[in-house]
Amino acid sequence: MTEKELHEFLMENYPEENAKCEWKEFTNLKHQFNGKPKDDVISYVSAIANMEGGYIVLGVKDKTLEIVGIQNFENYTRQNATFRLTENCTNLPTEGLQIWEFTTDDTQLTVWVICIPKHQPRCPVYAHKRAWQRIEDSLVEMKPSRLGAILSEYLTEDDWSAGIIADATIDDLDPAAIRKAREKFVELFPQKEAEVAEWDDAKFLNKTGFTVKGKITRTAIIILGRKEAEYYLSPSVCKIRYRRKKEVGGEDVDFEIFNIPMILAVEELGNKISNTQYVYTIEGNLFPQDMKRYDVFTLREPLNNAIAHQDYSKGSMIDVIEYEDEKLVFLNKGQFIPKSVEDVVTEDIPESFYRNRYLAETMRNVKMVDTEGGGIRKLYMQQKKRFFPMPEYDLTGMQVKCTIQGNVLDENFAKILVNNPDLSLQEIILLDSVQKHKPLTDDSISYLRKKKYIEGRKPHIYLSMSIAGKSKHVGLKTSYIKNKSFDDDYFKKLIIDYISTFHKASRKEIEALLYNKLSDALTERQKFDKITNLLSSLKRKKRIVVDKNRNWVLVK
């Protein structure tokens with residue numbers, strides 16, 4: 001093909017620049033596959049993928065399509081350039097992604113045509129941690145209207161969570177769960193509060209993705225379904241099995257199964273965990289710093305992630321194990337889909353793939369998973385704030401096991417974090433590996449030794465006491481006061497559920513039900529008064545009444 005013939009071919013197939021086609025003179029590929037935002041190829045790939053897909057022609061003059069050729073490839077080939085695109089453009093589909101190469105016979109000029117697939121449903125493509133789009137001749141960061149359009153797209157039927165349950169109706173959904181979903185949606189989109197107030201439940205469910213044209217999805221049953229509607233998911237299972245143990249390998253000291261709706265189950269389980277206080281005394285601070293072992297995000301993010309990523313085809317429950325005053329373990333079935341936890345944490349970009357994409361996107365609408373897709377990274381940051389060990393992920397056995405430590409393993413680790421607040425997350429992860437006696441590469445050991453963070457010889461590496469104590473002293477102690485943050489609504493629900501099950505309840509039975517769930521900070525008298533107030537409140541609301549045998553029963 002001569003230069004003239006190639007020019008005619010390009011003019012026939014890519015005759016103008018628009019949202020589907022871009023002409024670029026790039027004659028040197030040095031910085032084109034990971035350069036500056038808006039100035040490199042990957043930014044344009046993001047923009048074109050975020051519309052309908054299309055093409056980028058490299059090695060031609062802008063406006064005229066005159067062939068100038070790529071003169072310096074900088075070791076790039078079609079194969080490794082394609083790999084760099086998938087590596088640097090988060091969410092870019094690989095199917096249909098190609099680079100075609102044309103070299104003229106007479107002038108030996110080379111042109112590349114990059115064939116870019118359209119984004120996947122509800123999955124914008126990111127470059128440089130931002131999503132891009134074309135508006136006329138300009139490359140701009142994606143506008144909220146375009147982002148909203150992508151996120152509202154329907155998913156394909158191969159997503160199990162998007163499946164329609166033909167026989168289900170809105171009556172199969174829990175009204176309390178729908179109310180909670182409304183509250184969370186308004187928290188996420190406060191500007192829509194007045195508009196949402198005018199929506200009936202059917203419109204709200206359609207707008208937020210729980211239903212499709214009024215039809216109930218599996219996602220709706222999982223998040224909002226009544227307990228008795230769980231048979232719609234059969235043979236799949238959506239339950240959370242909670243166990244509390246004194247120690248690893250010990251007997252269960254508490255056990256409970258939490259059923260759908262998951263939007264309520266997550267809160268109930270979070271309240272059940274005994275969240276003790278941790279007290280820090282840091283030199284130079286007038287007062288000690290007092291924090292709970294686990295903040296609300298740390299309690300709920302791993303559990304919500306387990307719900308979103310569970311492989312429901314396995315027919316297994318999600319497991320949560322609490323080891324008292326030590327750690328929490330969250331376990332769900334299914335292979336971890338991103339390349340590694342480290343990639344998700346250190347890259348700080350939204351995850352590329354989801355097993356249950358429809359479920360995950362709908363959970364985002366009601367604040368059950370992190371809106372920006374950075375939930376795992378945020379877990380690491382929350383542990384850093386407490387000077388606790390980093391989260392631990394075990395991805396073996398086709399399951400994901402997340403362990404959150406609720407105490408200090410090595411006091412030198414905590415001291416290093418206190419005295420060196422500018423440590424990068426990558427450095428903290430390396431130091432965490434040292435305190436957990438995990439193997440490190442020679443390069444990592446050399447780096448930490450140069451920073452004087454470690455002492456000893458391989459394999460007996462330990463955190464340096466000199467760097468830990470070089471400036472401030474930090475004292476660590478725990479206050480073993482249970483502070484479970486139960487609210488009154490939770491206790492009232494327990495009472496109503498108990499009476500509904502057994503048709504009546506004596507004062508003694510209600511005390512037995514609630515006493516071990518009340519804070520240990522309360523005196524016996526305060527616990528007695530607390531239960532009295534709960535019963536009185538339910539009586540005033542005409543939910544329960546005392547019968548002639550002095551038992552509490554439901555009001556008919």
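The protein chain contains 20 helices and 23 strands, as seen in a predicted model. Of its 556 residues, 51% count as buried, and the accessible surface of the chain comes to about 27600 Å², with carbon and sulfur atoms contributing 49% of that area. When contacts between residues at least 6 apart in sequence are considered, 66% of them join residues at least 24 apart.

**Packing of helices α18 and α19**

- Two packed helices are described by the angle between their axes and by the distance between those axes.
- Helix α18, which spans residues 488–502, packs against helix α19, residues 507–514, at an angle of about 130 degrees, and their axes lie 11 Å apart.
- The crossing in which α18 passes α19 is right-handed.
- On the α18 side the contact is made by F491, L494, I495 and Y498, while α19 contributes E509, I510, L513 and L514.
- Sorted by class, the residues of this contact between α18 and α19 comprise seven nonpolar and one charged, with no polar residues.

- E267 is found in helix α9, which covers residues 262–272.
- The relative accessibility of E267 is 19%, and E267 therefore counts as buried, since the cut-off for that class is under 20%.
- Once neighbours within four places in sequence are left aside, E267 is in contact with K180, K184 and R300.

Terms used: Residues numbered from 1 in each chain as written. Predicted model: local features only at pLDDT ≥ 70, side-chain atom pairs only at ≥ 80, totals over all residues. Heavy atoms only, no water. Helix = DSSP H or I, 4+ residues; strand = E, 2+ residues; numbered from the N terminus. Buried < 20%, exposed > 50% of the residue type's maximum accessible area, 1.4 Å probe, protein only. Contact = heavy atoms within 4.5 Å. Axes fitted to C-alpha atoms, helices over the stretch in contact; angles between N-to-C directions. Left-handed = near helix turned anticlockwise from the far one by under 90°. Nonpolar A, V, L, I, M, F, W, Y, C, P; charged D, E, K, R; others polar. Areas by Shrake-Rupley, 256 points an atom, 1.4 Å probe, with all protein chains shown as cover.
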